Amino acid sequence: MTRPLLSALIGLTVLTAGPAAWQAPATPRDAAPRLVVLLVVDQFRADYVTEYGSQWTRGLRRLIDRGATFPLAAYPYAATKTCVGHATISTGTLPRRHGMIDNAWFNRERQKSMPCTDAPEVAPVAFGGRTGHEQHGPRLLLEPTLSDRIAEQGGGRARIVSLSLKARSAIGLGGHGGPGTMVVWEEDDGTWATSTAYTQTPWTAVDAFVRANPIADEALATWTKLLPGGAYRYDDSAPGEPRDATFPHAIGDASRADNPGWVGRWERSPFSDAYLGRMAASLADTLTLGQGPQVDLLAVSFSALDLVGHAFGPRSHEVQDTLARLDAALGDLFDTLDRTVGDGRYVVGLSADHGVALLPEQAAALGRDGGRLSTTELRQAAERALDDTLGDGTWVANATSPFLYFTPGTADRVRRSPRARDAVTTALLRTQGVWRVYWADELAQPDPSDALAMSLARSFVADRSGDVAVVTRPGWIPQSTGTTHGSPHDYDIRVPVILYGAGVSQGSYATPATPADLAPTLAHVAGIAMPGTDGRVLGEAIHAVSRLAGTAGGR
């Protein structure tokens, strides 16, 4: 059995196993924890725990040693992207229901690509006296999130805080907004912002923190290694990494008064994670999260690992150092929550939105299959096939991995011409790096015996997805430099799922799990009703919440 097919079968098992085997007992409301902490580490591969876990001593270490881990956890779908994963984690549903099929998709009516946070009706609301320029909101998210459920059941008293560098991550976790909900992200120029989807004016607590902690203070910082040199695995500079692949890494250029590009380099460093951790701790303290009679939620998505991993790859010293520094940042955050809320009086869920592929150059050096596939070549292959069968024309409007979108009327013509459809399929399969090809009708009504088709179908929404899907072979990526994700292969779908704190029974559970299980599990522990999810309550890892009085750490 090939590895990607095995991954798809794992995903199918994860989706269907478990719910009938365990019935969630009633949770006494007067014993539930008052703070839910939802953490996402962008691009955190599952094998980082075994590869680099010995380098961690604080926050990540606490979660692994004192929490409940699920080493078989995997996404049961193919669209392993940031917007998709965050929506899945927060809603407990799969993309076919929550609608977030990609970071962006081609809008057939507008005939242009549209981000998953597209919100032309809103205006930016910036913090720290800055001016915002980006328009983001939750209108395209079709299912309620855990934060929405907490807010609606909190009688107007619940406080929701969701933070990330990326708008799609903060919104994916923060949900649809309402009284008491704060959703904050960082615009590409270093401006911290939200939008009128959530508030008309800057929130005082966020504004005060941003003013007191300008990221410009780190504009000339230098990223050095946290750990002793011998603690890092693999080489500091390896095939496929960028030219600046060795430490130290300068954030800014002191010789240039305008210091160009420093914000991007700050984002692509552990400094951005540390900043988010400090902001989260400050807001948790200032807003007294978890200290009132209602359930509150603190959600943080850490983006640095994704930005670093795309550039340097999963075996780099940069990835290892980013994780080591995140371990320290999480340790500081948990120390704050221990002080303000109390260890054992809050519950934590941690996962990732996706994994990442090895740099193709490093795969080749290891004797593995891998390479770089061009979406332009895919587009041209389909165009030539349709020219040969339907006559000269412009047939492909957009190529956004894994989908090709046809120009208006083309899909209908192809449906009426089996010869044209077969020609496109053959041409795409002959493109180097392509493994399988599926048409939209095959995903709308997938063959249950085809595990890969089922995996793709869980990411398919007819009016948002493309007309034909192209699945790459393992190790092949649609990117010319660095590395990426977005496939159904195990390096992309397998991520950590970890629970810690109130109501959680410590241990490693070799049972099927998916990140979609986090929201219903956290909701159950906190006494929040969250019906209709695709995920299940991970009952094997929780104990009766009524036993929490006088305990520490959920042990």
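In which loop does Pro402 lie? In this predicted model, Pro402 is found in the loop between strand 14 (396–400) and strand 15 (403–406), and the peptide bond that joins Ser401 to Pro402 is cis, with omega at about 10°.

## Cis peptides and positive phi values

A cis peptide bond also joins Phe247 and Pro248, with an omega of about 0°, and Pro248 has its place in the loop between strand 9 (222–223) and strand 10 (249–250). Most residues other than glycine have a negative phi, and most peptide bonds are trans.

Thr288 takes a positive phi of about 50° although it is not a glycine; Thr288 is found in the loop between helix 10 and strand 11 (296–302), where, at 32% relative accessibility, it counts as partly exposed. Gln111, likewise a residue other than glycine, has a positive phi near 55° and lies in the loop between strand 3 and strand 4, with a relative accessibility of 36%, so that it counts as partly exposed.

## The hairpin of strands 3 and 4

The turn that holds Gln111 belongs to a hairpin formed by strand 3 and strand 4, which have four residues between them. Strand 3 (residues 104–107) and strand 4 (residues 112–115) pair in the antiparallel sense over four bridges, and in this pairing Phe106 stands opposite Ser113 in strand 4.

An open sheet of 10 strands with mixed pairing has the order 5-8-7-6-11-1-12-19-2-20. Strand 5 (124–126) and strand 20 (507–508) stand at the edges, and because each has a single partner strand, one side of each is left without a neighbour in the sheet. Strand 7 (residues 181–186) and strand 8 (residues 192–195) run antiparallel and are joined by two bridges, with Trp185 standing opposite Ala193 in strand 8.

Helix 3 (residues 59–66) packs on the sheet, where it touches strand 2 (68–69), strand 12 (346–351) and strand 19 (497–501), and the direction of helix 3 makes about 90° with that of strand 19. Helix 20 (residues 518–526) also packs on the sheet, touching strand 1 (35–41), strand 12 and strand 19, and its direction makes about 175° with that of strand 12.

## Buried faces of the helices

How many of the residues of helix 20 are buried? Helix 20 is mostly covered, with nine of its nine residues buried, among them Leu518, Pro520, His524 and Val525. The cover over these buried residues includes strand 1, helix 4 (82–91), helix 6 (146–152), strand 12 and strand 19. Just after helix 20, Gly527 takes a positive phi of about 75°.

In helix 8 (residues 204–212), the buried residues are Ala205, Val206, Asp207, Phe209 and Val210, and these pack against strand 7, strand 8 and helix 10 (270–286).

## Buried polar residues in and beside the sheet

Ser162 is found in strand 6 (residues 160–164) and is buried, with a relative accessible area of 0%. Apart from residues up to four places away in sequence, Ser162 touches Ala170, Leu173, Gly174, Met182, Val183, Val184 and Ala299; a polar atom of the Ser162 side chain lies 3.4 Å from the backbone nitrogen of Gly174. Thr181, whose place is in strand 7, is buried with a relative accessible area of 5%, and among the residues that Thr181 touches are Ala151, Ile160, Gly174 and Trp203.

Lys81 has its place in the loop between strand 2 and helix 4. Is Lys81 buried or exposed? At 11% relative accessibility, Lys81 counts as buried, because the cut-off for a buried residue is under 20% relative accessible area. The side chain of Lys81 makes a polar contact with the side chain of Asp102 (3.0 Å), and the residues that Lys81 touches also include Asn103, Asp353, His354, Ser401 and His485.

Key
Residues are numbered from 1 along each chain as its sequence is written. This is a predicted model: local features need pLDDT of at least 70, side-chain atom pairs count only at pLDDT 80 or more; totals for chains, interfaces and linings use all residues. Side-chain values use heavy atoms; hydrogens and water are left out. Two strands pair if DSSP finds at least two bridges between them. Contact means heavy atoms within 4.5 Å. Axes are lines fitted to C-alpha atoms, for helices over the stretch in contact, and angles run from 0 to 180 degrees between N-to-C directions. Buried means under 20% relative accessible area, exposed over 50%, partly exposed in between (1.4 Å probe, protein chains only). A polar contact is a pair of N or O atoms within 3.5 Å; within protein, one must be able to donate a hydrogen and the other to accept it, and residues adjacent in sequence count only if both atoms are side-chain atoms.
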